[in-house]
Amino acid sequence: MATNVKNDPNRRDFLYVTTAAVGAVGAAAAVWPLIDQMNPDATVKALASIEADISSIEVGQSVTFKWRGQPIFVRHRTPKEIADAIAVPLEDMIDPATDAERVVAGKEQWLVMVGICTHLGCVPQGQKPNEPKGEFNGWFCPCHGSHYDSAGRIRKGPAPKNLVLPPYEFLSDTLVKIG
Amino acid sequence: MSSHSNYNPTNPVEKWFDERLPLIRFSKEHLMDFPTPKNINYWWTFGAVLAIMLVMQIVTGIILAMHYVPNIEMAFDSVEHIRRNVNYGRIIQGTHAVGASMFFFAVYIHMFRGLYYGSYKAPREILWILGVIIFLLMMATSFMGYVLPWGQMSFWGATVITNVFSAIPLVGNTILEFLVGGFVVDNPTLNRFFSLHYLLPFIIAAVVALHIWALHVPGNGNPTGVEVKSSADTVPFHPYYTMKDLFVIVVFFIPFAWFVFFAPDILGHADNYIRANPFITPAKIVPEWYLLPFYAMLRAVDFDLLFINAKLGGVIVMFGSILILMVLPWLDRSKTRSGNFRPMFRPFFWLFVLNFMMLMYLGAQAAEGIYVILSKVGTAYYFGYFLIILPILARIETPKPLPNSISESILDKYEAKALKQEKMRGEGNSEIQGKGGK
């Protein structure tokens, strides 16, 4: 009898704690769907890849494609733009990257990037001939004044990163699969 | 403070009801008989203005939701439909849109009142913090409401502000996708913003109830900062302050009505009458005027500090500028509440007000040249005021002597006035009398 009095509370404690723990896990499991519904849904994810025909883009011209609701900048770079991009020393950059890291080897004339400023998400200008290209002959974001160079690297302004490269591959010389 | 009711139901039905649910007693204690300092001035009336504004926004908002469609294909047109076709829709939509501006105008006056008269000091810290929470909720609500018409400024404002969260290290982009429900601001974003824009005002109303509860524990402050000492210091809330508040509400509604009837769009941006286009960013993105000071501080940080990059730094400064208000009661340790008795505090306070207005102006300018430098100076003073000036003033300032009580301060004022008049008349008669009225 005396031992029972001693042991019973311990057993109850254990039961209380396990009950509470199971209850907490159950509650968390029940709440998770209520939270996860906010994340991108199946239709948003389904738009995960596009095939872009780049055959009609002339040298020096830029075209914007749409991928996952985002603008994709494709620029057919001139030899001068490529040479300029290669010539920049890495220590002059905010987010150092060589030109070779920004393009596919053998296709250096094609620059494929997500056209969203890495600062606060505006679409930089510089795709159309009449738009400002910034101080580094690439793109200029009018929202808070970020300048990108001809390899889409951030050179001046508040943006912390270079323009993002989407996952892409060349299916042929004229067809790019983005996503 | 439940002893100030003189509610004595005589009617047996009322008595029966009172014993079961003392609703009438509660209303009489808190809405009518509540003892209120007899010296509070017009700066104290903006709480009532804000209460009315919240009700107006909720009523007009519920009506607008009957006609509005939260879908990216139809949202823009449905707002135009409300303004052009719905009976009185032009007025109701205008009242709601202009109402947001008037709401913020009133809340800024209310907050600066609190800053000047030390309303945040013990024992009103919780009351003040609840107010800051209401202010944050108001900003979230107004931001989401501004997205609903789905114009260019709606879309790009939503993009820029949600991207603020992407500055958070490691999980930033995951949070961003979670918030907007996609890779960019799109239909899921509009839908959830509509849902939350409908919800938040009721949360605000709940926090307002707590705010008033916290107010009714110590009772109102007053311009002297001396606490109420006896019933001679107070008058009942009704009719003295119900009437005074009502008068101010009427006056407040005059410019409000002018905006609604004659210039409902003057406080907005022309760009928001262009349908949202995810591929073209307007040349100049500017938030609504009431968010400009905080936007200016966000942009003022364009330099890296140690391991914090400029983007994250700007976001920390912007949120910090509001969160710092939460700890204000512990930064300003001066025992004297009211700025009226703090000669050194006053110039710094008015400079703070001017600085706030300067930041408001700078937030609307392009981020270049002199504007960037001024934004940095303004941001530095904003934080310096709370973190350096107020703590130091609390140590070195010698406040002016406080009156012994509220009623004495009023008598002193009349006495001084009477003495002055006597001197001017050159009479030897030392009769002291209060002038009628206030």
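Between chain A and chain B the count of salt bridges is zero, a salt bridge being a side-chain nitrogen of Lys or Arg within 4 Å of a carboxyl oxygen of Asp or Glu. The model is predicted, so local features need pLDDT of at least 70 and side-chain atom pairs count only at pLDDT 80 or more, whereas totals for chains, interfaces and linings use all residues. Residues are numbered from 1 along each chain as its sequence is written, chains are lettered from A in the order in which they are written, and side-chain values use heavy atoms, with hydrogens and water left out.

Six residue pairs, both at pLDDT 80 or more, are in polar contact between the two chains; such a contact is a pair of N or O atoms within 3.5 Å, where within protein one must be able to donate a hydrogen and the other to accept it, and residues adjacent in sequence count only if both atoms are side-chain atoms.

| Class | Residues |
|---|---|
| nonpolar (Ala, Val, Leu, Ile, Met, Phe, Trp, Tyr, Cys, Pro) | 14 residues |
| polar (the others, Gly among them) | ten residues |
| charged (Asp, Glu, Lys, Arg) | two residues |

In contact terms (heavy atoms within 4.5 Å), 26 residues of chain A meet 25 residues of chain B. The chains bury about 2,200 Å² between them, 69% of it on carbon and sulfur atoms, buried area being the accessible area (1.4 Å probe) that two parts lose on being put together, summed over both. In chain A, A:Met38, A:Leu120 and A:His144 lose the most area to chain B, together 28% of what that side buries.
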